[in-house]
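Me: Could you take a close look at one helix of this protein for me, and then walk me outward from there to the rest of the fold?

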Amino acid sequence: MEFSPKILVVDDEEGMRFFLSEALKKEGYAFETASDGREAVEKLRSGEFRIVLMDIKMPRLDGLLALEAMKAFDPDLLVILMTAFGSKKVALETLKKGAYDYFTKPFDLDEMRIVIKRAAERCRLQEEVKRLHRRLDEETPVILGMSPAVRKVLDRVRKVADSDVTVLITGESGTGKELVARAIHRQSPRRDHPFLTVNCASIPESLLETELFGHEKGAFTGAHQQRLGKFELAHEGSLFLDEVGEMPMGMQAKILRVLQEREIERIGGAKPVPVNIRIIAATNKDLAQAVAAGSFREDLFFRLNVVNIHLPPLRERPEDIPALADYFFRVYGEKFKRKATRLGDQIRAWLVRQRWPGNVRELENVIQRAVVLTDGDVLDLNDLRDAMQPVGGIGQEQIPAGDLRSQRERVSSDIEKKLIEQALAEEKDHRSAAAKRLGISRKHLYNKMKKYGLV
Ligand SMILES: Nc1ncnc2c1ncn2[C@@H]1O[C@H](COP(=O)(O)OP(=O)(O)OP(=O)(O)O)[C@@H](O)[C@H]1O
Ligand SMILES: [Mg+2]
């Protein structure tokens, strides 16, 4: 349906309101009336009016003052004033104060029709511009943060975007890996082509191959027709291999071949098909460690990790929290029609003190939940505490939501570190012997030692 702006008619004379109402009705406009400036300003607070048709001389709040109040409330509002005096001077004054147009009374109906039509047209344009901006905003990932770490990430994104170099994005869950992958694509020459994602962890191994490589008709029972895989569907665009650390060994070899040869073979296909894509991969695993442990191919690791972009956990860059929190608060505030646009300082300080084991995603979820659950327009600490509580769970102050995992990780890291130190001490820093004692490879041990700062 075409966008039709709603009009507010403001005049203290009932006869005039009636006359204007009839005229607008005939033209099919949606409108309401108000009998003085103050009532008009009140009604505008609903935010549903885009055009105001208003008399200048009115009791209580006269037109010129009402105009100022209206423009202060909504600068995009199109206010058309009506003056009975036919005085050019007053009319010009109204334009200076931000009126869109004016009539002099008694006025010509045709003239009025044209002016209103022009205003409606203008509203439609404003709407279109807003819509386009919204679309651009949706498509362009916003990466917020002013910490040195985030600035470094953004700098890397810019540097790698215009080449086809393969990028490996690493970082804990929820740190923004996918966001960065999209940002690289959006800034690359491939931006007008597809950005496709394959989540290597969520697709069973048996389906992953079809998903990536596609198959020919009749390649196996049930393959009734040809199906293209993501390598081909992403033609000229980017393919995002998410959670690449979960890729089964057999698939790793196949992916490696694609990276080397730049061609694929569909399942059941007789000839190779060239692929023209950029690969971006992400993982929350320590791939070097997976290589050492023998669960990830070293050659594939090197092929993927041409450039590494690492996203540090949120707790290591607490200075980013306020901006992120304000941003999510504004986004969800708009979505759920809350009026406040910024969080109070006390709340921001509290948010900065939390550990955020689920990183930015957890922060986003907590704020979204708090915005939904709060009764007023302003969030308070209790809303946030409620929002952080796992459903039916334990209070945040004792165990932060979702933190069991990081607690477990911390505890097992501590124990592991102690055991390594012990083994090294007992073997007089002889690494091969210590590794043997620990039942891991020398390389694995070395990586662990690096991780724990023992090198
Ligand atoms: N710097 C940032 N600025 C704005 N939004 C961010 C930022 N970092 C993360 N987000 C938001 O946090 C959420 C999680 O980000 P994303 O999905 O990219 O994380 P991820 O690292 O891929 O997580 P996972 O490993 O769990 O898949 C998204 O909604 C994303 O938009
Ligand atoms: Mg992700």
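**Helix H2 and beyond**

Reply: Happy to. In helix H2, which spans residues 37–44, the buried residues are Gly 37, Ala 40, Val 41 and Leu 44. They take up an arc of only 95° around the axis, so they sit on the same side of H2. The general rule behind this is that an α-helix has 3.6 residues a turn, so residues three or four places apart point the same way. Please keep in mind that this is a predicted model.

What do the buried residues of H2 pack against? Their partners are strand S1 (6–10), strand S2 (31–34), strand S3 (49–55) and helix H3 (63–73).

Now let's step back to the domains. The assignment for this protein lists domain 1 (6–138), domain 2 (160–311), domain 3 (315–388) and domain 4 (406–451). Between the C-alpha centres of domain 1 and domain 2 there are 56 Å.

Next, the nonpolar cores. The largest one has 38 residues, and within it Ile 169 and Val 180 touch the most other members. At least two residues of this core come from each of helix H6 (148–161), strand S6 (167–171), H7, helix H8 (205–213), strand S10 (238–242), strand S13 (278–283), helix H12 (298–304) and strand S14 (307–311). Apart from this core lies another, made of 28 residues, with Leu 8, Val 52, Met 82 and Ile 116 among them. As for Val 180, if you leave aside neighbours within four places in sequence, its contacts are Ile 143, Val 153, Val 157, Ile 169, Ile 309 and Leu 311.

You will find Phe 296 in the loop between helix H11 (287–292) and H12. Phe 296 counts as buried because it has 23 C-beta neighbours inside 10 Å, where the cut-off for buried is 20 or more. Setting aside neighbours within four places in sequence, Phe 296 is in contact with Gly 245, Gln 252, Leu 287, Ala 290, Val 291 and Phe 301. One of these, Gln 252, is 44 residues away along the chain, yet its C-alpha atom and that of Phe 296 are separated by 7.8 Å.

Let's move on to the ligand. Ligand 1 is surrounded by 17 residues, and the closest are Ser 173, Gly 176, Lys 177, Glu 178 and Val 360. By type, the shell divides into six nonpolar, seven polar and four charged residues. Domain 2 and domain 3 each contribute at least three residues to this shell. Helix H7 (177–187) and helix H15 (359–373) each supply at least two of its residues.

H15 leads us to another helix with a buried face. In helix H16, residues 381–388, the buried residues are Asp 383, Leu 384, Ala 387 and Met 388. Seen down the axis, these buried residues fall within an arc of 130°, so they line one face of H16. H14 and H15 are included in what covers them.

Finally, have a look at Trp 350, which lies in helix H14 (residues 345–353). Is Trp 350 buried, exposed or partly exposed? Trp 350 is partly exposed, because 15 other C-beta atoms lie within 10 Å. Not counting residues up to four places away in sequence, Trp 350 touches Leu 381 and Leu 384. The C-alpha atoms of Trp 350 and Pro 322 are separated by 9.9 Å, with the two residues 28 apart along the chain.

Definitions and conventions
Residues are numbered from 1 along each chain as its sequence is written. Chains are lettered from A and ligands numbered from 1 in the order in which they are written. This is a predicted model: local features need pLDDT of at least 70, side-chain atom pairs count only at pLDDT 80 or more; totals for chains, interfaces and linings use all residues. A residue is near a molecule or strand if its C-beta atom, placed from the backbone, lies within 6 Å of it. Helices (H or I, at least four residues) and strands (E, at least two) are DSSP runs, numbered from the N terminus. Ala, Val, Leu, Ile, Met, Phe, Trp, Tyr, Cys and Pro count as nonpolar, Asp, Glu, Lys and Arg as charged, and the others, Gly among them, as polar. Domain bounds come from an automatic or database domain assignment. A residue is buried if 20 or more other C-beta atoms lie within 10 Å of its own, exposed if 12 or fewer, and partly exposed in between; C-beta atoms are placed from the backbone. The arc is that of the directions from the helix axis to the C-beta atoms. Two residues are in contact if their C-beta atoms, placed from the backbone, lie within 7 Å. A nonpolar core is a set of buried Ala, Val, Leu, Ile, Met, Phe, Trp, Tyr and Cys residues joined through C-beta atoms within 7 Å.
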